[in-house]
Amino acid sequence: MKSDITFGQYVEGNSLIHRLDPRMKIVLSILYIVTIFLAKSVTAFALLTLSAFLLIALTGLSPAMILRGMRPLLFIIVFTAVFNIFWMTGDTLLISLGPIKIYLEGIINAVLIILRIVLLIVATSVFLTYTTTPLALTDGLEQLLAPLKKLHVPVHEFSMMMTIALRFIPTLIDETQKIMNAQKARGADFSTGNLLQRAKALIPILIPLFISAFRRADELATAMECRCYTGGEGRTRMNVLRSTPKDWAAAFVVLVLGAAIVLANLYFPLYGLTL
Amino acid sequence: MQKTPIIKAEHLTFSYPGDAESKPVRALDDVSFEIEEGSFTAILGHNGSGKSTLAKLLCMVNYPDSGELLLCGKDLTAPDVTEEDILAARRDIGMVFQNPDNQIVASIVEEDVAFGCENLGIPSAEIRKRVDQALEEVGMTKYARSSPHNLSGGQKQRVAIAGVIAMKRKCVIFDESTAMLDPLGRQDVMNTAMKLNREDGITVILITHYMSEAAMADRIIVMNQGKILRDGTPSEVFSDPEAMWDAGLDVPQTTELLYKMRKAGYDVRLDLFDENDCAAEIARAMKRAREGK
C-alpha cells in the first residue's frame with residue numbers, strides 16, 4: 001500500500017540538482033525565494049517562470065508529478081485568486097455587475113499571485129524536498145546552523161527530530177489508512193453529514209493513531225539507545241558534505257537570475273504587482 | 001577449550017512498577033544463566049513469560065532490581081558502574097526488535113545502516129566500508145539507496161541486522177524479530193541470523209515463540225512466569241513435551257508427532273526437527289513394528 005502524497009517526498013535521481021551540496025541547495029532555495037519576492041512586473045514573472053521550467057527540466061522530474069504535489073494547496077491558490085479578482089481596483093474596468101467590479105489589474109494581480117505561490121512551491125520542492133534526501137537536508141541544515149550551537153541552540157536535536165518526523169510520515173499515513181479501513185469495516189461513516197459530524201467521525205481515527213505514534217516513539221527511542229545514540233556530541237557522519245565548483249556555479253546562476261529580475265522590474269515595469 | 005561467557009546473569013530479578021490500581025508485576029524472578037561467546041541460544045516462552053524483559057536487561061534498557069549481570073566480563077550491576085561503562089557495554093550487544101518499522105531511523109537504507117557507526121564516532125571512510133560490507137552480507141546491496149518505507153518486513157529486518165553488523169558487535173539479540181513477518185520474511189531473517197553465527201562467530205540470542213526457530217539453536221532456555229523452566233539442547237528440552245504443554249508452550253510439530261507415535265507404542269526417537277528425518281524415522285518405526293508382528 002503506497003501513499004499517493006508526493007509533496008515533501010524525495011524522488012530518486014542522479015541529476016545535477018540532485019548532486020548539489022544540500023547546504024548550497026538550502027541557500028539557493030532561500031535566494032530563489034527572495035528573487036521570487038523581488039519580482040514585481042509581468043516580464044519579471046515571465047523570466048521566473050521560464051527559469052522554473054528550466055529548473056524542473058534539470059532535475060529530470062516530471063512536471064505532472066510536481067503539479068500533483070500542489071493539489072493540497074489548491075484551496076489557498078483559488079482563495080487568493082478570487083480575493084484579488086474581486087477586491088482589486090484599477091484603471092481598466094472589464095466587467096461591472098452591480099456592486100461587482102472586475103478590473104484588468106485585478107486579474108493580472110491574481111495571476112501573478114498564483115504564479116508566486118506556485119513558484120515558491122516549485123523552488124522549495126525542486127531544490128529541497130524532491131531532490132534532497134530528508135537526511136541530507138537536515139544534515140545540511142544542521143551544518144548551516146552549527147554556529148548557533150555556541151548560543152546553546154539545540155541544533156542537532158532539532159535536526160534529529162526532523163529526520164525522524166520525515167521518516168515516519170509515510171508510515172503514519174499508511175497507518176491512518178489502515179485505521180480508517182478498520183473503522184469503516186465497523187460501519188463508521190466519514191463522508192456524509194455536516195462539517196461538525198465529519199470532524200467528530202475523525203476522532204476514532206485520531207485517538208488510535210496518536211496512541212500508536214506514542215508507542216512507536218517509545219520503541220524507536222529504545223532502539224536508538226541500543227544503537228549507542230547519545231546525542232550530537234562525538235558523532236561522525238558517513239557522508240561528509242563537500243561543496244564543489246558545481247555548487248558555486250549554481251549559486252552564481254541564481255544570483256544572476258536575481259539581478260535579471262531586478263533589472264526587469266526597473267526597465268520593463270509592465271503591470272506591476274501591488275502586493 | 002573453555003570459552004568465556006559473554007553474558008553472565010546471577011539471580012536477576014526485575015519488576016515493572018505498578019500504578020495506582022495495580023501492584024508491581026514481577027517479570028523476572030531469580031534468573032541465572034551464562035551465554036558462551038559464539039553460541040546460538042534461543043529463549044522460548046509464551047507472552048508474559050519474561051523473555052522480552054530479559055532482553056531489555058541484557059541491552060541495558062532496563063536495570064535489574066537485584067542480582068548481577070556481567071556483559072563481556074564487566075559487572076554492570078556493581079555499585080561503582082558509570083554511564084560510560086554502560087555505553088561501552090552497549091557497543092558489544094546489539095538488538096533487533098520485533099517491529100521492523102520502529103527501529104529504522106533514517107529515510108535511506110544505507111544511512112540507517114550507518115546510524116550506529118555514526119553514533120560511535122567512527123571516521124567517515126571506515127563507516128562507508130562497513131556499511132557496504134554489511135549490506136552485502138545481508139543481501140541488501142541493491143536497496144542501499146532506497147527508502148525503508150518501500151521494503152517488505154523481512155527486508156526491513158535485514159536492514160536492521162546490517163546496522164548491527166556494521167557496528168561489529170559481538171552479540172546480537174533478536175527480540176521476536178520474526179513475529180511480525182510472513183513465512184518468507186521469517187526464513188530470510190533466520191537464515192541471516194544463522195549466517196551471522198556460523199560464519200562470523202557472532203553470539204546470537206534468539207527470543208521467539210516459534211518452536212521451529214528455537215529448534216535451530218544450539219541451546220534453548222525456556223522461560224515461564226519469570227523463571228527459567230528448562231535449559232538445554234533442543235533434544236533435551238523437547239524430550240518432555242508434557243512439561244512444555246503444561247507451561248503453555250508447544251513443541252515442534254515433528255516432536256509432537258513422534259511423541260504421539262511413541263505413546264501409541266512405536267519405538268521412535270523424539271529429537272528430530274527436520275521433516276524428512278522425522279518421516280524417515282516414522283517409516284523405520286512402522287517397518288520394525290510390522291516385522292515384529
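How many Å should the 23 residues of helix α10 of chain A span, and how far apart are its end C-alpha atoms? Point 2 takes this up.

1. Basis. This is a predicted model, in which local features need pLDDT of at least 70, side-chain atom pairs count only at pLDDT 80 or more, and totals for chains, interfaces and linings use all residues. Residues are numbered from 1 along each chain as its sequence is written, chains are lettered from A and ligands numbered from 1 in the order in which they are written, and side-chain values use heavy atoms, with hydrogens and water left out.

2. Helix α10 of chain A. At 1.5 Å a residue, residues 245-267 should span 33 Å, and the end C-alpha atoms are 33 Å apart, which agrees. The expected span is 1.5 Å times one less than the number of residues. Helices (H or I, at least four residues) and strands (E, at least two) are DSSP runs, numbered from the N terminus.

3. Buried side of α10(A). The buried residues of this helix are D247(A), A250(A), A251(A), V254(A), L257(A), G258(A), I261(A), A264(A) and N265(A). Buried means under 20% relative accessible area, exposed over 50%, and partly exposed in between, with a 1.4 Å probe and protein chains only. The buried residues of α10(A) pack against α2 (22-38), α3 (42-59) and α6 (104-129) of chain A; contact means heavy atoms within 4.5 Å.

4. V118(A). This residue lies in helix α6 of chain A. V118(A) is partly exposed, at a relative accessible area of 21%. Its contacts, leaving aside neighbours within four places in sequence, are M70(A) and I77(A). V118(A) and I77(A) are 41 residues apart in sequence, with 8.3 Å between their C-alpha atoms.

5. Chain A overall. There are 10 helices and 2 strands, in the order α-α-α-α-α-β-β-α-α-α-α-α from the N terminus. The C-alpha atoms fill a box of roughly 70 × 60 × 40 Å along the principal axes. Of the 275 residues, 40% are buried. Among contacts with a separation of 6 or more, 75% join residues 24 or more positions apart.

6. Surface and charge of chain A. The chain exposes about 15500 Å², of which carbon and sulfur atoms supply 72%. Accessible areas come from the Shrake-Rupley method with a 1.4 Å probe; for residues, only the protein chains shown count as cover. The mean positions of the 24 positive and 16 negative charges are 4 Å apart. Lys and Arg count as positive and Asp and Glu as negative, while His and the chain ends are not counted; a charge is placed at NZ of Lys, CZ of Arg, CG of Asp or CD of Glu.

7. Chain B overall. The secondary structure comes to 11 helices and 10 strands. For 293 residues, a compact globule would have a radius of gyration near 19 Å, and chain B has 21 Å, which agrees. That radius is taken over C-alpha atoms, and the globule rule is 2.2 Å times the number of residues to the power 0.38. Buried residues make up 53% of chain B.

8. Surface and charge of chain B. The centres of the 34 positive and 47 negative side chains lie 4 Å apart.

9. Q103(B). Its place is in the loop between β6 (93-96) and α3 (109-120) of chain B. Q103(B) is buried, with a relative accessible area of 3%. Not counting residues up to four places away in sequence, Q103(B) touches residues including L220(A), A223(A) and R227(A), as well as D112(B) and Q157(B).
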